[in-house]
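Have a look at the structure first, then read on.

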Amino acid sequence: MQLDYLDRQIINTLQRGFPVTERPYQDVAEVLGTSESELLSRLQILLDENYLTRFGPMYQVEKLGGTFTLAAMKVPMERFGSVSEYVNSFYEVAHNYQRDHEFNMWFVIATEKKEEIDNVIERIETLTGIKVYNMPKQQEFFIKLQLHV
């Protein structure tokens, strides 16, 4: 699949925000000059083809009373798939990325209490035999990043 003009416009438009209205997809479709059903279909294809890895809200878990941390692991490549599946099986894991680095697996853990983060890390370490490096936030920066495609 190659991105066409409408696909690019969908990605560029949705990076700027999503309306909180009765029919948000219809409202976005009108701005893009397409139909709601076409927009929904295109979004699903973009997700299925991994042009988008996720489409949904980003919550500030701390403002909701919870906490989160960034974690990393050094996973042997021959085990990467199985370890990734295991890590991703935790509902507390928000997302997981592979990196070309000694620390090749990075993921975010979000929970209601700090102790629960420690519990998730301990369970991952126990069942994989691989150390999880916990890197809690020290300072927060808000950057409005938009990647024009």
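For burial, residues under 20% relative accessible area are buried, those over 50% are exposed, and those in between are partly exposed (1.4 Å probe, protein chains only). Keep in mind that this is a predicted model, where local features need pLDDT of at least 70 and side-chain atom pairs count only at pLDDT 80 or more, while totals for chains, interfaces and linings use all residues. Side-chain values use heavy atoms, with hydrogens and water left out, and residues are numbered from 1 along each chain as its sequence is written.

**Overall count**
- Seven salt bridges turn up in a search of the whole structure (a side-chain nitrogen of Lys or Arg within 4 Å of a carboxyl oxygen of Asp or Glu).

**The arginine 42 network**
- Asp4, Asp7, Glu38 and Arg42 are joined up in a network of salt bridges.
- Aspartate 7 pairs with arginine 42 at 3.0 Å, N to O.
- Aspartate 7 is in helix H1 (residues 5-15) and arginine 42 in helix H3 (residues 36-48), so this pair ties together parts 35 residues apart in sequence (helices are DSSP runs of H or I, at least four residues, numbered from the N terminus).
- Aspartate 7 is buried at 4% relative accessible area, and arginine 42 is buried too, at 17%.
- Glutamate 38 also bridges to arginine 42, with the closest N and O atoms 2.6 Å apart.
- Glutamate 38 and arginine 42 are four residues apart in helix H3, about one helical turn.
- Glutamate 38 is partly exposed, at 28% relative accessible area.

**The helix H5 pair**
- Lysine 114 and aspartate 118 form a salt bridge, their closest N and O atoms being 3.1 Å apart.
- The two are four residues apart in helix H5 (residues 114-128), about one helical turn.
- Aspartate 118 is partly exposed, at 35% relative accessibility.
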